[in-house]
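Q: Please examine one part of this model closely, namely the sheet and the helix packing around it. How are its strands paired, and how are the helices arranged?

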Amino acid sequence: GRPDMAVYMFASEIAEGVEVPLFGREGLTLERDFTYIDDIVNGVLGALRYRPRQCGEVVNLGRGRPENVGKMIQYLERELGRKAIIKSLPLPPTELLKTYADIS
């Protein structure tokens, strides 16, 4: 993964003891679709072998199941053996509360 991805950024912030920004609204936190790189690579390779039914057919790659970002931070806390310093921030107007891949 890239160092600018949420999991790596949050892990670094927790390990360094700096604030972890967590966006949300009215007690709700973001939900995101986290994917494992090997799964995406396998999906891309599968898409290259796929014969579409029609020209321009869309193929979405992802897990298709959103996870609560706050719970992901709790997992990192447990694995790193350190409590996160959460800085709760309002949800920016450009952010959706929940996003995930439509893999139907």
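A: The description below begins with the basis of the values, then treats the sheet, and ends with the helices.

This is a predicted model, in which local features need pLDDT of at least 70 and side-chain atom pairs count only at pLDDT 80 or more, while totals for chains, interfaces and linings use all residues. Residues are numbered from 1 along each chain as its sequence is written, and side-chain values use heavy atoms, with hydrogens and water left out.

Helices (H or I, at least four residues) and strands (E, at least two) are DSSP runs numbered from the N terminus; two strands pair if DSSP finds at least two bridges between them. The open sheet has 3 strands in the order 2-1-5, with mixed pairing. Strand 2 and strand 5 are its edges, each pairing on one side only. Strand 1 (residues 19–25) runs parallel to strand 5 (residues 85–90), and 6 bridges join them. Along this pairing, glutamate 19 stands opposite isoleucine 85, and phenylalanine 23 has leucine 89 as its bridge partner.

With strand 2 (residues 28–29), strand 1 pairs in the antiparallel sense over 2 bridges; glycine 24 is partnered there by threonine 29. The hairpin of these two strands has 2 residues between them, and glutamate 26 takes a positive phi near 50°.

The side chains of strand 1 alternate: Val20, Leu22 and Gly24 point to one face and are buried (under 20% relative accessible area, with a 1.4 Å probe and protein chains only).

Helix 3 (residues 69–80) packs against helix 1 (residues 6–16) at an angle of about 50°, with the axes 10 Å apart. Axes are lines fitted to C-alpha atoms, for helices over the stretch in contact, and angles run from 0 to 180 degrees between N-to-C directions. The two helices are therefore oblique to each other, a class left after angles under 35 degrees (roughly parallel), over 145 (roughly antiparallel) and 65 to 115 (roughly perpendicular). Their contact (heavy atoms within 4.5 Å) involves residues including Phe10 and Ile14 of helix 1 and Met72, Ile73 and Glu77 of helix 3. Helix 3 also lies across strand 1, strand 2 and strand 5, running at about 155° to strand 1.

How values were computed:
Buried means under 20% relative accessible area, exposed over 50%, partly exposed in between (1.4 Å probe, protein chains only).
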